[in-house]
Structures are given as C-alpha cells and as structure tokens.
Amino acid sequence: MFINREKQYDEKENSEEYDKVVKQREIERKIRKQKTTRNALKAAGDDEGVREYGRKIKETTAQLNAYCEKNGLTVRMDRTEVYGYKDESMKKKPINFVKTVPPIGSGSQYRKYELDTENPVTITRNKEIQAYRVTTSVNNIYISSDAHVKPKQLHQIDKKVSEVYDLIGAKDAENKPEIFIISGGEMSKAAVATYNPVSNRLFITDSVAIYKKSEMPDFMSTFACGDDDRSSYVHELFHWKDAEEYRRKKGTITDENRKAYFEWADIKGKKSLDKAEKKGYNIDNLSVYGSDSYYQGKYSEAHTEYLTQKLLGR
Ligand SMILES: [Zn+2]
C-alpha cells in the first residue's frame, strides 16, 4: 500500500513537472511568434509596429523569466531565437546566395562536373523546379537550375553523403533516395531540407548542402547538432530509413496512404522515446526543434532529432 501511494505521488509530481515545461514551451513559442511578426513589420517598414512588438517581446521575455524562476526551471533563451531577429548583442551573417560561377582558367584542381542536360527532371514544389542529374558523382545527386554549386563543393557534398550513409549503416543499402540540391527560394517555407517518402527524394538547399559556417542561418542552432555540416543529411536519411522499414513491412508509400505512414512513424518514434526516457533520457535535452515537435505530438520528428543527436554526439 505504502509503495503504491508513493508511486502515485511520484506520478503526480512527474505530470506536474511535465505541465510546467509545456507551459514554458508555450511562452517560448509566443516569443518566437512575436519576433517573427516584428521581422515582418520591419521588412514592411512599419516602424510603429516594430516598436509595439519590441515592447511585447520585452514583456513576454520578462514573463518567461518570472515563470521559470517561480517554478525552478532553467531559462533557455536559445529557444526563443528566430531567423532574422537580431538582438543587438548577437551578430551572425544571414544566408547568402552568391552566384558561384567558377572563374575561367582559375586552375581549379576540380574538374567541372557533368549534368545530364538531355533529361531534365521537373518537380512541382511551391513552384516548378527543373533539375539535372549529376553524371560524375558517386551518389545519386541532382542539381536544380537555380542552385549554385561549385565543382569543388559538389565533390565535397558527394563525399559527405557517402560518409553519412556509412555512419547510419546504409553503405550498401538499396533504394537510396535521389538527392536534390535546390535553391533557398525553391524550398518551401523556412525548411533547409526535407525527405519525401512517396517519391523517395531528399531535398536540401544549396547553402546547407555546402555548409559554410559563416552563411548558416541562426535557426540551424535549433536543430540537433546544427553546427555539424552532416546533421541535415543525417536527419533526412533517418526519415528515409524509416520509410524503407515501412516499405519492407507494409508495402509502397503512396499519396493515398502517406498519412498512415506518418502515423506509423509517429507511433514508432514515441515508443522509442518512451524507452529512452525509461533509461533516464530527458526529453528536454532534445534540440529546440526536437522538443517542440515532441510537445506537439510530432514524435517521428522528435525521434529523428534524438537519433541525430545520438549519432553525432552531444
Ligand atoms: Zn524531419
């Protein structure tokens, strides 16, 4: 009896802790939302609106600090960062899409890569993308007409992809995805990379594929090991591995059953995270994106972040 009562007490306490953290995440999200709005107003030249939102951000930040102090929680200001919002103390260069045509006769040791221009692939994302397969790479890589990749960079990307396949134990796997390097404008929303389980295609923006540290957006720090140039590939290829497992067990993924696939992946992710938690893993140690996903019930995303973090360390 006593043990039971003790257990009940523990469970209640755990759920109270959980509720507190959920509330903290809520306030953090509110700050990010306000910062995003402030950015939009700034871009629109609405000085009045910028001042108003500046005040709101201050207020909500004070609210977050007070809430954390009252409840013995650690304030995580990194969880309130958004891309493009600059606190005066922080300076990072924004993403930079520079045209990178190799200078003629520059004596580069890397030969120009060849594209299969005879067979362009047309993909409709938020707009129509025209891409060409690289015929001189080891991996199945495509480059869109808008993306900018120098020969040396393509060589490095190809090497990096091979390294990641090796890392995730998929060196000799069949049905590897087609990897599309596209421009930031061709990628919808603020995503840097995405895997499509129906077409078995992985999309990644050129700047993230190349990964120049000085050109990475601030929000890379919200992803698991975002400062590691392999993390986006690792994350997306873990999604690919999930899709492969589903295909093996249940058959093809189509537009019609993709919802069932995502549900399956969420259940799988939740189970695995529950197991990790039982072994002492703290969900709050996930990346910002990972724990946000977790509290929103997007367990496949949270789990993928967990795996990425585990594989790349930290
Ligand atoms: Zn993902």
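Which residues in H6 are buried? I opened the notebook with that one, keeping in mind that this is a predicted model.

**Entry 1: the whole chain.** Before zooming in, I looked at the overall layout. I found eight helices and six strands in the chain. Reading along the sequence, I noted the order α-α-β-β-β-α-β-β-β-α-α-α-α-α. Of the 314 residues in the chain, 30% are buried. I also looked up contacts with a separation of 6 or more, and 62% of them join residues 24 or more positions apart.

**Entry 2: the helix itself.** H6 runs over residues 258-278, which gives 21 residues. From its first C-alpha to its last I get 30 Å, close to the 30 Å expected at 1.5 Å a residue.

**Entry 3: back to my opening question.** The buried residues in H6 are Tyr261, Ala265, Gly269 and Leu273. Looking down the axis of H6, I see these buried residues fall within an arc of 95°, so they line one face of the helix.

**Entry 4: the partners.** What do the buried residues of H6 pack against? I traced them to two helices, H5 (231-250) and H8 (299-312).

**Entry 5: the other side.** Here I listed the exposed residues of H6: Lys259, Glu263, Ile267, Lys271, Lys275 and Lys278.

**Entry 6: leaving the helix.** Last stop for today: which residue just after H6 takes a positive phi? My note says Gly280, with a phi of about 105°.

Terms used: Residues numbered from 1 in each chain as written. Predicted model: local features only at pLDDT ≥ 70, side-chain atom pairs only at ≥ 80, totals over all residues. Helix = DSSP H or I, 4+ residues; strand = E, 2+ residues; numbered from the N terminus. Expected span 1.5 Å × (residues − 1). Buried ≥ 20, exposed ≤ 12 C-beta atoms within 10 Å, placed from the backbone. Arc of directions from axis to C-beta. Contact = placed C-beta atoms within 7 Å.
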